[in-house]
Amino acid sequence: MKKNSLIILFFLASLLAIFLSCVVGAVHLSLAEIFNSISKTLFSGNELNLHENIFINIRFPRALLSFVVGASLAIGGVLMQGLFRNPLIEPGLIGTSSGAALGASFYFLSSNILAAVFPYWTLPICAFIGSLLATLSTTGINSSNEKSKSSTTQLLLTGIAVNAICMSLVGILSFFARDPQARSITFWGLGSLASANWKIVTTCTLTLVIGCFMAIKNAKSIDALQLGEKEAFLLGIRIKKLRISIIVTNVILIGIATSFVGVISFLGLIIPHILRGLGILQTKQLVLAAALLGGTVLCLSDIVSRIIIAPTEIPIGIITALLGAPIFIYLIRTKNEFLA
Amino acid sequence: MIRIENISLSIGQREILKNVSADLHAKSVNIIIGPNGAGKSCLLDSIGGINRNYSGEILWNNVPVNEIKQNKRSTIQAYLTQNIQIQFPIRVRDIISTGRFPFYDYKPNSIDEEIILEAVEMFEINHLLERNYLTLSGGEKQRVQFARIFSQAYNTEASEEKLLILDEPISHLDIHFQFEFLNKLKAFTIKHNLISILVIHELSLAFEFATQLIVLDEGRTILTGKPKDVVRDKLFDSTFKISSTLLEMEGHDFLLIKNSMNN
């Protein structure tokens, strides 16, 4: 299939997924209710009934948030795999996700004190600070050494070490936490979209747009980098500048999305591979397709997490890994010229 | 013209290049030969701008090469390195396009497209364009890299000279493609006003195709000059630990190498 028609297909699929996510759930919503609530909100300003309220304030922002977060994670995967030229990379690997988990754990253990400091969005702010600090430590430790400064492999290894430190600190905190706090830490580490509201959707959409723009701006350089760092340098690419730009983009995309919804694993790893298997290989097209497919997959996963044992919700990270992994195993076993 | 003036380079405690000098002229094919570990790749890296902390000077028309900004430099110099490792599936077409990356910002223009097409046809790889590079054979990969590097070295302004550097370009090729490549390189060098410099291990091919031979051993230039003068020098045989003879047949010189182990 042509690459452009694939991207159109993903776009249609994403619209369908967002629509499904709006109608499916503990309360079934009809099309008429959806139209009414949109027209009332936008035009007449009449008061919404219960179902219309569910749509406009719960389902719709949640559906959009799942799409936007999935898109951010998948673009992060494309960027980081491209930077490290390594198919095993998850976008949060250099401390971005585990740092967020550490920040969130601090919040759960001392919420009253921290809430006094940041009265608004306390949890996401703590998580984002953690994410930022961990990523900065990775890059800081790496560039403090003359030998490792110019090596992308060393940056990755430093990141894995920082990751391990953060995760063990999360372990210590949950060890000392009381039961409900420890449960909160665990569940946050598995992700949830239940907190979705319009302010979060707006913030994450903004970061997605910025991230997408920066990713596309660097796409050609990332393509050149695939030949090797020396070869990219010889093609006039400024490797250090590119590396910083990609890491900043990644923190904006992954750090902020993770801070709002928790750690959602596996999605950022598999989406780029699936797309390569479909023959989408250039970074620019990968970024666009990853945004659409990643968003669609997370949106569908969210529907599954809500309905599989309704009315209880399963953490979404469980769904992405539990359903995503077998599909991924199936895909990498198929005969395919482009799947590494 | 590129003038290499007394360059020396150490990496750690090891002295890799010691007072290397040579003049490289436009429209000439300069071939570096030398035993393993002689510093050949290191010299190419110094000329190409990868190694910059050497002492001495490399001047391109009297300007130190490292004063040329890298984004400008990648438009007047093309360097094919050894052992290019690619991790992700990538189309052959997209690999070759990277050769024109230094010349455009977002989209290649029609001249870039024409240059790429010409390079593709030159190395007869039209049938590979949509293939995944990772699934090609060693020789096919090498020809794809030639098309990429020739697209970068392609000279649209023949009044200005450009530099083409190739590190062991023919080591994965069969004898037919080795000859074919060196013939194409020679013609391309003249047509596009290039200064070509390459490393190869095949002494008789180096003798056949070089405008200038540079013999490197333990970081020193042992001999430089016209192929015939270089191979006639007694230092040639002793450097390579061989015994060679020039054979003239039908008005053409051949470099023959005898198995000196049997003496």
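A salt bridge is a side-chain nitrogen of Lys or Arg within 4 Å of a carboxyl oxygen of Asp or Glu. In this predicted model, one salt bridge is counted between chain B and chain A. It is formed by the side chains of Asp45(B) and Lys230(A), with an N to O distance of 3.1 Å. Ten residue pairs are in polar contact between chain B and chain A, both residues of each pair being at pLDDT 80 or more.

The contact between the chains involves 35 residues of chain B and 25 residues of chain A. Together the two chains bury about 2600 Å², of which 62% is on carbon and sulfur atoms. Within chain B, the residues that lose the most area to chain A are Phe88(B), Arg91(B) and Phe101(B), which together account for 27% of what that side buries.

Over all chains, the structure holds 13 salt bridges. One of them joins the side chains of Arg91(B) and Glu130(B), at 3.4 Å from N to O. Because Arg91(B) is located in the loop between β6 and α3 of chain B and Glu130(B) in the loop between α4 (110-122) and α5 of chain B, this pair ties together parts that are 39 residues apart in sequence. Arg91(B) is buried, at 9% relative accessible area, whereas Glu130(B) is partly exposed, at 44%.

A salt bridge also links Arg100(B) to Asp112(B), whose closest N and O atoms are 2.9 Å apart. Arg100(B) belongs to the loop between α3 and α4 of chain B and Asp112(B) to helix α4 of chain B, so parts twelve residues apart in sequence are tied together. Arg100(B) is buried, with a relative accessibility of 4%, and Asp112(B) is buried, with 3%.

Within helix α6 (residues 175-191) of chain B, Glu180(B) and Lys184(B) are four residues apart, about one turn of the helix. Their closest N and O atoms are 3.2 Å apart, in a salt bridge. Glu180(B) is partly exposed at 23% relative accessible area, while Lys184(B) is buried at 16%. In chain A, Arg62(A), Asp302(A), Arg306(A) and Glu313(A) are joined into one network by salt bridges that share partners.

Strand β6 (residues 77-80) of chain B is covered on both faces, with Gln77(B) and Tyr79(B) buried on one side and Ala78(B) and Leu80(B) buried on the other. Four bridges connect β6(B) in parallel to strand β7 (residues 162-167) of chain B, where Leu164(B) is the bridge partner of Ala78(B).

Definitions and conventions: Residues are numbered from 1 along each chain as its sequence is written. Chains are lettered from A and ligands numbered from 1 in the order in which they are written. This is a predicted model: local features need pLDDT of at least 70, side-chain atom pairs count only at pLDDT 80 or more; totals for chains, interfaces and linings use all residues. Side-chain values use heavy atoms; hydrogens and water are left out. Buried means under 20% relative accessible area, exposed over 50%, partly exposed in between (1.4 Å probe, protein chains only). Helices (H or I, at least four residues) and strands (E, at least two) are DSSP runs, numbered from the N terminus. Two strands pair if DSSP finds at least two bridges between them. Contact means heavy atoms within 4.5 Å. Buried area is the accessible area (1.4 Å probe) that two parts lose on being put together, summed over both. A polar contact is a pair of N or O atoms within 3.5 Å; within protein, one must be able to donate a hydrogen and the other to accept it, and residues adjacent in sequence count only if both atoms are side-chain atoms.
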